[in-house]
Amino acid sequence: MKKLLTFFAVFGLLLAACAGGDSGNEASNRASDRDSPASDAPPPTQPAEAPAPDDNGAAGDAGISNGDDAPESTGGGAEDEATEDAASPEPSDDAVASEEVGAMSDPIFQPTCQGEGELSATATGVTAETIKVGAPQIDYEELSNLGLVQLDRGDNEVILQALAQEVNDNGGICGRMVETVTYKFLPFGTDTSLAGCVYFTEDEQVFAVLGPFTRVPAGNICVTETHSTALLGAPFNAEDRARANAPWVHLEIATDRVLEVFVAALDKAGLLADLGNVAVHSGAGRQELVDNVLVPALEAAGVEIAERTVIDVPSGDTQAGAAVWRTFAEIYRNADINTVFIDGDNVFGVEQLIQNGLDVKLFNAEFSTFSYGLGGSSDPGYFEAYTLGSPYAGDDTNQRTDDCIDAFERQSGIEVIPTEQLPEDETDWFTPVRGYCRVFDLFVQLAAAAGPNLTNETLQAAIDGFGPIELPNEAFASLGVGKYDARDGVVLMKWDPEAGEDNAGDFVVISDLIDTAG
Amino acid sequence: MVAFTLTSQIVYLGVIDGLLIGFLALGIVLIYRASGVINFAVGSLGVLSASLLALLVLNYGWPFWPAVIVSVVAGGLIAAALELTVITRLFRAPRVILLVATIGIAQLCELLQVALPDIDVSMANRYPVALSGRWEILGLRVRGVELIVIIVVPVLTAALTYYLQRTAQGRAIRAAASNPDLARLTAISPKIISTITWIIAGLLAAVALILVAGINGQPSGFRSLGPATLVQVLAAALIGRLRNFPAAMIAGVALGLLRSLLVFNWPTTAGLYDGSLFLIVIATTLVAGRRLTGRDESFSFVPTTRPLPHAVARLWWVRHSSRIGIGLLIAGAAILPFLVTLASRQLLFSEVLLFALIGISLVVLSGWTGQISLGQAALAGIGGLTTAALVAGRDIGVGVGEASFTLALPDIHFLLALLVGAAVTGAVAVVIGLGALRIRGFHLAIATLALALLGQQFLWRRPFLSGDSYTVSLPRAAGPVDLADQRTYYFFSLIALVVVIVLVARMRATGVGRRWLAVRDNSTAASAYTISPSRAGIQAFVVSGVIAGLGGGLLAGLYVSIGLTERFQLQDSIEVVAIAVIGGAGTVVGPILGALWIVGLPALWPANELVPLLTSSVGLLILLMYFPGGFAQVVLTGRDRFLGWYAARLPEPEPPPKREVASVVSRSDAVAVTGPVLVAEEVTVTFGGLTAVDDASIRVHSGEVVGLIGTNGAGKTTLMNAISGFVPCSGRIELEGRAIEKMAADRRAALGLGRAFQQSRLFPDLTVLETLAVAAESRQRTSFTTAVAHLPNGYRRDQAQRAHAHDIADFLGLGPYADKFTSELSTGTRRIVELGCLLALEARVLCLDEPTGGVAQREVEAFAPLLLSIKDQLGAAMLVIEHDMPMIMQISHRIYCLEAGRVIAMGSPAEVRADPAVIASYLGTDERAIRRSGATASAEEAHFPTPTTVLNEGET
C-alpha cells in the first residue's frame, strides 16, 4: 500500500512537473525521469559508478542497523568484524535496473543545481554565500578517558572540512560554499547530545545536521522536532518522522520498515515456508512496534504466530535476563515452537535457549547484534539463523565511496588505509571518512536538488521528488514522498559457524541483491 | 478469575532462580546483622571471582577445582581488602554514609572487572562448571550446574546459620551487631568482627556469582548484578526482616517462583514482575513494619553547622556568613550566562542547577531526617513526566478492566503543570513512605530502589506519562516570559533553586525542622517528646518528593525531548545520592557543590582525563573516607577554624546577665484524678521466647514518687518502656484513667507521660535550646502546613517556643550552655537538659530511668532535690528507676522491687528495705548495703534547695 501511495505521489508530481516546468520543479522533473519506465534502460553514461560489490565483500557486518547509524557506518555497525569468507550476492534483474537508474546521479560532490535564482539568506544557516551544516561526532577521546573504548579515528573536523572543500572547489551547492561545524558527544546518556543539538541549532544556527546522535534518539528529536532543523543520516521510525518539523532522512532502512523488508525478503526467498510453530519475541520498548509491524507482516505472509513473548528486564541485568529467558524457553518447548523471530538486540537470550536444549530456527533483522549474540554463545553452531544485511561489508566500497575517499585524500593530504590493512597504532581514517562520505554526499545531492531557494520546505520537496539516488556504499537507494529512509538494496544472510575471523562464525549472504523498492 | 498454568519444570526453574536470589540475600542479611548496613556491593564483590575463575580455567588452563578455590578465596580477600581500606575507616560514620560507600564499592568492583584481561573463548565458550551435562530426572530436565545449585546453596545456608547460631565467633558477630559497646566490653572487637563478616560475605558472593555465571553459561559479558536482580535480593532480605537467614532464603525462592509463574502465564505483560516486586516491598514494610526494629542510633549526616563563637557571634558578617556564602554562589550563578553566552553551555549550567535542586530533596530527607532514598530520580521522573502529560493534556485511564474509564484532562500551562506535577510526586511519596518510614533503618532505601526500577521498567511506559512514545516532548510554553530561550530558562531554574533553598532553610529553622532532626538523631527520645517519627519521616519525604518532582518538571522542561530509556533512570538516582553525599547532605549548599562536581565537571571539562576519575566511584570513595561530610564539611571546618582563630583575637564579650525565672510551667489543662494517675496491670513483655516482664502490676498516685528497683536484667527498664510505649506488651496500662496500652509512644507522651532515658543521649546535633524547643513542641506544636507555607502565625509560634526554651534553660541554670550541642555536654548537664525537656513537655507522670546514671557521685546528691523540684513545678507523679539506694529510698513514697520480670515486693521504703525477698534478691545480705539503703531520710523528711541554686555556671 505504501509503495502504491508512493507511486501515485510520484505520478502526481510528474503530472505537475509536466504541467509546470519552471525552475522550482526541476527536482521533480529529475525524479520523475528516473522513476519512469524509460529509466529501466541502461544509461549511456557513468556505468562504472554503479555499485558492484567486489569479489571479497558482501557479508561481514554490513547489516541493517536500527539505531547505530554513526556517520562512519556503512549501515551495519561492527565493521571491524568483517570477514572474507562471506559470499557476494549476485544482483537480481531488479537490482540491475535500479543500479542503472542510480547511475544517473551527478559525480560525487559535483552537484547540478536544480533551478536558478538569486542567492539570498533563505533560511537559518543559509546566506547568499554559505550554507552552514553541523556534524556530531562521537567523542572517542572521552570514551578512552572513561576506559570504555580505545579507538583512534582521527579528527572528524578535518574530514568534514576536506569534503566541504571538495564541494566548494567544485563551485559549492548552487553557488553557496559549505561551512561545517562539529560537536563531540558521548553515545550514552543524553546530556552531551542535547548540548550538541543546542550547539548546532542555537549557537551555530546551522541549516542541517549531518549524521546522528548515535544511540540517543532524544538528541535527534531535539534537532528535528524542537528546533525544526533538517537532519540527514540519522535513524528514525514512523513515529519519530511524523513528529519532525523539518526534513529527516535516514541512509538505511527505518527501524520499523526494516521488519517489513525482512519479512518480504524472507518470503521472496521462500524461507517462510514450513517454519512450523512460530514465536515472536521482542523487548518491552518495541512491543507495540513488533505487534503492529512484524506480527501483521508475518501473518500476511501466511505465518501463524503460536507464541508471543516480551522481555522487560533492564539492559545489563544478565542474571534477570537469563532467568526470564529460561522461562521463555520453557514456553517455547511447551508450545512445540520450531522458529523464533527475535526483534532488536535481545539476542543474549539465545544462550539460554542453548543451555535449555531448545533447537529452533532463529530470525532477526538486526545483523550486528545478532551476529554478536550467536558468535558469543557457548555453541555458535547450534542454531540455523537468518538475518538481513547490506551487500557492503567490512572494508568494501563502491565506486562512489572510492571517489569520495580520493577527494578526501586530495584535500587533506592524508592517506586513507582500509581498516583491515591498517598497521597497529595508526589512525583509522577509513571508517569515519567512509561514514561522512555517505551523509555528506546525501546532503550535497539533496541541497542541490532543492535549488537556490534552500529552505526546509524546498529541501523536503527535493526529498519527496528525488526518486532513486546513488550513494556511497549503497547498492540501491531511493527517496520519495513518505519514503525517507534511503536504502533499498539488501541481502539475506545465514549464520555460518565456520565463517568469519578465526572461524568464529559469521553471517554469509545467501540471496541475490534484493531491491526492496522494486 | 485469573487462571494460572504451572508445570513442574517451571516450578523447578523458579526454585533454581530463587535459590540464587536467596543465597545472595544471605549476604545482605549477614552484613546487616553485623554492621547494620545494607551492602549494595553484595553481588559486585563476587563478580571479580566469577571472572577470575573463567580466566584461570579458559586463559591459563588451570584445573577446575584449584581454580574455584583460588577464585572463592580471592573473593574473601577482596572483601577483606575493601573492608580494611574503606569500611574500617568509616566504622564510626553514620550507616547512611556506609551504605553509600557500598554503592561506591560496587562500582569499583565493576571497574576492576573491566580491567581484567579478556577471557579467551577460542578453546571453549562455556563458563566452567563442576558438573556439566543434562538429564531427565523425575520428569524434570536437569542441568549439572543446577544440581550444584541445589546442593551447594542449602548446604552453605545451613552452615552459615549454624556458624552464627552455634559457634562462639558467630555469637560474637551477633553480639557486635546488637550492641557494639557491650561487645567491646566483652573483649570482642567490633572491627575484627566486621572484617570477619566482610570476608564471609565476600566468600558467599564469590560462590553465588560463580553459580550465577555457571547457570547463565557464558564466560564473559557478566559485569555485575543488574538492578532488577538487586531489588529482588533486597526484597528477599527485607522479607527476612534483614535478620533471619532461613526466612530470607525462603523469600528468595518464593520470589524466583513468582517470577517464573508470572512470566510463564503472562509472557507479554511487561513490568508485571517489577510491579509485583514493588508492591511486595511496600507491603512488607507496611505489614511487617511493626515487627521490624531498626538500630537506635543517629542517622546524622555530618557536617553540622556549629554555633558561632561568642566573641564573634555579634558581628554582622559572621552571623550572616552562611547567607553571604550562598549569596555569592547565587551572584556568581547569575553572572555566569553573561560571561558564557553559548546556549549549549547554558543548557548544561541549567542542568547543574536543577540537579542541585533535586539534591536538596535529599538534604531534607537524608540530611535532616536520616532516611535515604535511592529513587529520587524516579520521583523526579514522576514530576517531570506528569508535567509533560499535563501540558499535553493527555487522557488518563483510571481503574482496571471493565471498571476502568478515561479521564480527559485539559492541557494546562507549563508553570501550573510544574506545580501540579510536584504535588503529584508528593502524593506518591506519601504512599511509599507510609510503610517504609514507620521503621528506622534502610527500608525506605529498598522501597525507593524498587520504585526506581518500577519507573524505568513500567511506569514511564504508561500511556499517560509516555503519550505512547519513547521520547516525550515538553514544550516550554511561552507565557508572560518566553522560556524557550536557554538563558531565560537558566534564570528560571536559578530562581526556582533560590526559592527552594530559602523555603527549605526556613523550614529547617522552624519546629518542623527541629522535629526532623530530633527524629534523625534519636527517634526514641523524639517519641518521648510527642513527636511521631513516622509522621515526621513522611512529612520530610513529602517535602523531599515535592522538591524532586519540581526538579523533575524543570529538568523535563530543560530537555524538552525526554528519552524515556535515557532519563530518570536508576543510575540517575544513584547520581543524586552521590551529589548529596559528595556535596554534603547536611546543608543546602552541599548539593550545589555536589552537582557542580558530579554534573558540572564532566560537562564543562569533558576532555580532562582526571574528571572521570574524580567523579567516579573511586572519587566518591576517597571523598567519603576523608571527608564523610562532603565538600560542605571542608567549607564549614574552614569557616569554624577561621572564626575560632578570629575570635581568639577579640576580647571576651561580657557574659549576658543572669536571668531568674521563677516558674516555667503554665499548664491549665490539668485533670483532677482521684485514683492512681498511672496504672500498669498484669503487664507482660516477651522477646522471642524470653519473658522480660512477667505479669507485673504497679500503680502511681497523684503527686507520688514511686521507686522501681531490682537487679540488672530484672525488667525495670523494659517495664518502663512498656508503660511508655516503646515495647509492645500485654496487660492494661492507664494514664489518668485512660487506657493507653494501644497507643504509640508519642501519643502517650502527648497525654502527659514524660520519659527520661538511661542513656540520656538526647539529640547529639541539636543545641540545648533546640532540644528544649523540640520538647516544647508538645504544647506549642508547629503546624506542618504553617511551616511549609511560611505563614505569619508560624513565626509567632516559633518565637514563643524559643522564648519558652530560653526560660527553661535559665530556670535550670543552663543559660551558658544554651548554644552548645547536647553531644558536647557532660552526662550530668545532659540529664538536666533532659529534665528541662520534661518541664517543656509539662508531663503529669514522669518516668525516669536511672536519672543519676553516669553522673559523678558528688553531683548525684544535687539531683534528688532537683528531681523533686521539677516534680513540684509540674505537680506531677514520678516513677523512678534508680540503683542509688540512698537516693531512691530518700525520695520515694513507695517502692516496687522486680526480679526476673515479676514484682516481688511493694511498699514504703522501709517495708521494702526490710522485705526478705528484696534482701535476698537485690540488696543482698551485706549489712552495709542494707544500712546504706536506709541511711538517709525519706522524701517526706527531706528539704532541698531550688534548681537555680543547684547548678551554677561551669558546673554540671
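Chain B has 40 helices and 16 strands. The model is a predicted one. Of the 956 residues of chain B, 57% count as buried. Chain B meets chain A through a contact that takes 59 residues from chain B and 53 residues from chain A.

- Eight residues of domain 2 of chain B touch nine residues of domain 3 of chain B.
- On the domain 2 side of that contact, four residues are nonpolar, four are polar and none is charged.
- Among contacts in chain B with a separation of 6 or more, 78% join residues 24 or more positions apart.

**Chain A: domains**

- Chain A is divided into domain 1 (130-252 + 395-442) and domain 2 (257-389).
- Taken over C-alpha atoms, the centres of domain 1 and domain 2 of chain A are separated by 33 Å.

**The A-B contact, seen from chain A**

- The contact takes 53 residues from chain A.
- Elements of chain A that give two or more residues to this side are helices H4 (140-145), H6 (191-203), H7 (217-226), H11 (318-334) and H12 (349-355), together with strand E7 (305-311).
- H11(A) supplies the largest share, twelve residues.
- By class, this side of chain A has 20 nonpolar, 18 polar and 15 charged residues.

**Nonpolar core**

- The largest nonpolar core has 469 residues.
- Residues with the most contacts inside this core are Leu163(A), Phe443(A), Ala25(B), Ala450(B), Leu772(B) and Val845(B).
- Helix H1 (residues 8-35) of chain B gives the largest share of this core, 18 residues.
- Beyond four places in sequence, Leu772(B) touches Ala805(B), Ile808(B), Ala809(B), Gly836(B), Cys837(B) and Ala840(B).
- In soluble globular proteins, nonpolar side chains tend to be buried together.

**Helix H2 of chain B**

- Helix H2 (residues 44-59) of chain B has 16 residues, which at 1.5 Å a residue should span 22 Å.
- The end C-alpha atoms of H2(B) are 22 Å apart, so the model agrees with that expectation.
- H2(B) is mostly covered, with 15 of its 16 residues buried.
- Just after H2(B), Gly61(B) takes a positive phi of about 70 degrees.

**An open sheet in chain B**

- Four strands of chain B form an open sheet in the order E8-E7-E10-E11, with antiparallel pairing.
- Strand E8 (690-701) and strand E11 (738-739) stand at the edges, each with a single partner strand, so one side of each is left without a neighbour in the sheet.
- Strand E10 (residues 730-735) of chain B is joined to E11(B) by two bridges, and the two strands run antiparallel.
- Glu734(B) has Ala739(B) in E11(B) as its bridge partner.

**Ser260 of chain B**

- Ser260(B) is found in helix H10 (residues 245-265) of chain B.
- Ser260(B) counts as buried because it has 28 C-beta neighbours inside 10 Å.
- Leaving aside neighbours within four places in sequence, Ser260(B) is in contact with Thr327(A) and with Ile10(B), Leu13(B), Gly14(B) and Asp17(B).
- The C-alpha atoms of Ser260(B) and Thr637(B) are separated by 54 Å, and these residues are 377 residues apart along the chain.

Note on methods
Residues numbered from 1 in each chain as written. Chains lettered and ligands numbered in written order. Predicted model: local features only at pLDDT ≥ 70, side-chain atom pairs only at ≥ 80, totals over all residues. Contact = placed C-beta atoms within 7 Å. Nonpolar A, V, L, I, M, F, W, Y, C, P; charged D, E, K, R; others polar. Domains from an automatic or database assignment. Expected span 1.5 Å × (residues − 1). Buried ≥ 20, exposed ≤ 12 C-beta atoms within 10 Å, placed from the backbone. Pairing = 2+ DSSP bridges. Core = buried A, V, L, I, M, F, W, Y, C linked by C-beta atoms within 7 Å.
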